[in-house]
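Here's a quick briefing on how the strands pair up in this one. Have the sequence and the 3D view open as you read.

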Amino acid sequence: MGTILLLGCLVVLGACRGGASTQEGQAVSEESNTPAFRNVHGAADFVGDEACFTCHEDLYRGYQEHGMARSYYRLTEENVVEDFAAAPLFHAPSGFSYRVFAQDGRFFQEEYRTEANGEKTHRLVREMQYVVGSGTAARTYLTENEGRLYELPLTWYTQAGRWDFSPGYAEHNTRFDRLVPDRCMACHNSFPEPVAFVEGKYGAVPQGIGCERCHGPGSLHVEERLADPEPAGGVDATIVNPAHLSLERRLDVCQQCHLQGAVSVLREGRGPFDYRPSEPLAAHVALFAEDVPPSSDRISVISHADRMKQSACFLGTLEKGGAMECTTCHNPHEGFRTKGPAYFNDTCLTCHQPAALTARFDDAAARALHTPETNCTSCHMPKVEAEDAPHASFTDHWIRVVRDTSAPPEQDAAQPVRLVPYLEADRAERGVYEGMAYVIYGRQNGSEAALRKG
C-alpha cells in the first residue's frame, strides 16, 4: 500500500518483539471484572456522531479538534494548505510526469508524457476529492471513479512543505489504478458501508474516525437513555466505556489502529470492520513481527503502542498495578497539537517530581536540563524519521534515556526473514496464520525465500 496512513493496512510496519512479549506476559487480565456491554454482545446499530452530539455536545466539539476526527475528509477551498503552483515531478522508470493544479475551486493531479519538442503525447487527469490524514505529517488524496476509491500518486508532505510521490509509488508506479483496500479505510473512518465483494467501493463513507469506533454501536444507548436518562447501577452497560475495561482491552481499543506488525492477517470469518471495543484484538487479527533488534533512530508510522510498551515508564507502572497507557498522555476527546510541550510535560511531572529528579544528578549541566520548564519529550521521546514515509518524522513513543542511535544490522536479503508472533494467541503453536504471514511477506517484499517458507 502506498500512503503514509494507508501503510498500516499492508503491514509494512515493523513491530518490535521485546515490548510486546513483556506486556503480554505481565499484564494481569481482569476480564471477570469487565462489564458485559450489551451494544457489542447483542443487537445494536451504528447511529453516527450526530446522535452523540445531542447529549454530549462538549465532548463532541472537543473531539473535532482531534487528529482522529480529521483522518478523512473532502478537499475544499476552505481546507487547502498545499502549493498548487509547484513544479511537476518526473517518474523516471515509467517516463511519466505528474503535476497538481487548481481550477474553478476544484483540485486535480495530471499525468503526462512529453516529447523532445515539449509536446504532451499523453494526458490523464483525476480530481483530488478526498484527503487521507490529519495533515500533521502529510496529506494523501483519493479520487472516486465509478463508485470506487483510488489513491493518487502525489502526496503533500506537510513537514517538508513539498510534493512528492506517495509511499510506494517511486518504487512501483501504479498510476491512477491503486484501489483503496477495506483494511485501510477501516482505520480512517468509523464504519463505511462496503459493497459486498467489490474492493474499494462503499455505499457511504463517514468523514473520519467517530465516537462509535471506540464506544461501539450506539443505537441501544440512544434508545434507553432517551427513555430514562439515568442508567440502573454504577455502569451504563448500553455502550462501551473503555474506562471500565481491563488494561489489556483498553490498550486494544487504541491498538486496533495504532499497532501493526510486519504482517497482519485477519482471523477466519472476520472482516476489516468487524472489531468491536471490549473484545480481544487477538480475536480479530494475527500479527507477526520481523525478528530484528529495535532501532532507536528510525521508527514505523504506526508503532506507537509497541514502542510505548518497551518504555520503563510503562513497565515500571505495570509492576505497581497502575500502568501508564495511551490515555495517560492523550485525552481521546480533545486535540493537543496546538497546546505546546506543557500539555505532555505536566503528565511527566506527576511521577517525576522536579526536586527529586534534579537531586539524582551530580553534574550541574544535567541538573539544568531537568527543571519544571524543560521539555521532557524533546529528549526522551524525540522525533525521528519514519522508515516507511519519506519527508516525515514522528514522535518515538519508546520513552527512555536515548543513548544509542545506531541502526540495527541490515537483514541479509539472501537469508529468509524470521517472523515471530506478536500476540499470545499465536505463540502456542505454529499454524496456518504463520504460513499465511510468510506468503504475504514474500509477495509484498519480493522474497522467494519467505514464499517458500510460507
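Which residue in strand 9 is the bridge partner of alanine 138? That would be tyrosine 157. Keep in mind that this is a predicted model.

**Strand 7 and its partners**
- Strand 7 covers residues 138-145, and six of its eight residues are buried (under 20% relative accessible area), so the rest of the structure largely encloses it.
- With strand 9 (residues 154-157), strand 7 pairs antiparallel over two bridges.
- Strand 8 (residues 148-151) is joined to strand 7 by four bridges, again antiparallel, and here glutamate 144 has leucine 149 in strand 8 as its bridge partner.
- Strand 6 (residues 130-132) also pairs with strand 7 in the antiparallel sense, through three bridges; look for valine 131 opposite tyrosine 141 of strand 7.

- Four strands form an open sheet in the order 2-3-4-5, with antiparallel pairing.
- Strand 2 (89-91) and strand 5 (120-127) are the edges, each pairing on one side only.
- From one strand to the next, the twist averages 25 degrees.
- Strand 2 and strand 3 (residues 96-103) run antiparallel and are joined by three bridges, with phenylalanine 90 partnered by serine 97 in strand 3.

Definitions and conventions
Residues are numbered from 1 along each chain as its sequence is written. This is a predicted model: local features need pLDDT of at least 70, side-chain atom pairs count only at pLDDT 80 or more; totals for chains, interfaces and linings use all residues. Side-chain values use heavy atoms; hydrogens and water are left out. Two strands pair if DSSP finds at least two bridges between them. Axes are lines fitted to C-alpha atoms, for helices over the stretch in contact, and angles run from 0 to 180 degrees between N-to-C directions. Buried means under 20% relative accessible area, exposed over 50%, partly exposed in between (1.4 Å probe, protein chains only).
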